[in-house]
Structure formats: C-alpha cells, structure tokens
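Subject: A structure to look through

Hi,

Here is the structure I promised to pass on. Please open it and keep it beside you while you read my notes.

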Amino acid sequence: MRSTLIIRGIPQDAGENNWNKTESALADYLNSIFGWNKEMIKNDIERAHRGSYKIQGNRPSPIFMKLHSWKTAQTIMMRIIKANKDKKPRASVQQMFCDKK
C-alpha cells in the first residue's frame, strides 16, 4: 500500500460525486501546481476517490489515491511537500500503510 496517498486540501466541487470527477479534480490540481500533463497523470492513477462525497462545512473531503508506481507516489508526495514550503495552494499528503496478513 506504499503507493497509496491520502491528500487533503484539494477543493471539492458540489457536483463531484464519483471517482471519475475526483480523478479529474486531482489531475487539475497536480497540473496547476507542477504543470504535468493531465492525461499522463490520469494514466498513472490506478484509482482515486474521496473519503466522502459530502462536503463538511468548507472543508473538502480527503482524496485516497492509489498509483501504479511507488516512484510516482514518492514524486507526488515530495512535490506537494515542497509546494507547501513555496506557499503555493496548500494541500497535505501522507502515505497509507497497512499490515499484510
């Protein structure tokens, strides 16, 4: 599960109610921060969904993103952390770990 990231702080549209729209919102965010090609980003994402599609006040729900590659996950995580230091639109990111049984 090291290639699964939890990203918080990405704006959530009221009409965002399925994984396809969440994937597009994520691609838009990564494109705006890093200038990455949206279709390339979508190809790297195995799946992405919100923790909830109900907006709680003005806080968007976190996005759970599973990537095909651990290296891509690390790149995204490090770039979001750097973008936060550079005062770009802020988001937080963490890796999701679970024990294999």
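First, a term you will need: a residue counts as buried when its relative accessible area is under 20%. Keep in mind too that this is a predicted model.

Start with strand β1, residues 4-8. It is mostly covered, with 4 of its 5 residues buried.

Now the whole chain. It has 101 residues, and 37% of them count as buried. There are 3 helices and 4 strands. Along the sequence they follow the pattern β-α-α-β-β-α-β. Take the contacts with a separation of 6 or more: residues 24 or more positions apart account for 61% of them. The chain exposes about 6,400 Å², and carbon and sulfur atoms supply 51% of that area.

Next, the strand pairing. Which way do β1 and β3 run relative to each other, parallel or antiparallel? They run antiparallel, and 4 bridges join them. β3 covers residues 63-67. Ile6 stands opposite Phe64, and Ile7 stands opposite Ile63. In a regular strand, side chains alternate between the two faces of the sheet.

β3 has another partner, β2. These two strands pair in the antiparallel sense over 5 bridges. Here Ala48 stands opposite Met65 of β3. Like β1, β3 is mostly covered: 4 of its 5 residues are buried.

Then look at helix α1, residues 19-34.

At the start, a side-chain oxygen of Asn18 reaches to within 3.0 Å of the backbone nitrogen of Asn20. Just after the helix, Gly35 takes a positive phi of about 75°.

Which residues of α1 are buried? They are Thr22, Glu23, Ala25, Leu26, Ala27, Tyr29, Leu30, Ile33 and Phe34. When you trace them, remember that an α-helix has 3.6 residues a turn, so residues three or four places apart point the same way. The cover over the buried residues of α1 includes β1, α2 (38-44), β2 (45-50), β3 and α3 (70-85).

Is Ala25 buried or exposed? Its relative accessible area is 17%. That is under the 20% cut-off, so Ala25 is buried. Setting aside neighbours within four places in sequence, Ala25 is in contact with Ile10 and Glu16. Pro11 is 14 residues from Ala25 in sequence, yet their C-alpha atoms are 7.9 Å apart in space.

Last, the core. In soluble globular proteins, nonpolar side chains tend to be buried together. The largest nonpolar core in this model has 22 residues. Those with the most contacts inside it are Leu5, Ile7, Leu26, Leu30, Met65 and Ile76. β1, α1, β2, β3 and α3 each supply at least two of the core's residues. α1 gives the most, with 6.

Beyond its neighbours within four places in sequence, Met65 is in contact with Ser3, Thr4, Leu5, Ile7, Leu26, Ile45, Arg47, Ala48 and Ile76.

Best wishes

Note on methods. Residues are numbered from 1 along each chain as its sequence is written. This is a predicted model: local features need pLDDT of at least 70, side-chain atom pairs count only at pLDDT 80 or more; totals for chains, interfaces and linings use all residues. Side-chain values use heavy atoms; hydrogens and water are left out. Buried means under 20% relative accessible area, exposed over 50%, partly exposed in between (1.4 Å probe, protein chains only). Two strands pair if DSSP finds at least two bridges between them. Contact means heavy atoms within 4.5 Å. Accessible areas come from the Shrake-Rupley method with a 1.4 Å probe; for residues, only the protein chains shown count as cover. A polar contact is a pair of N or O atoms within 3.5 Å; within protein, one must be able to donate a hydrogen and the other to accept it, and residues adjacent in sequence count only if both atoms are side-chain atoms. A nonpolar core is a set of buried Ala, Val, Leu, Ile, Met, Phe, Trp, Tyr and Cys residues joined through side-chain atoms within 4.5 Å.
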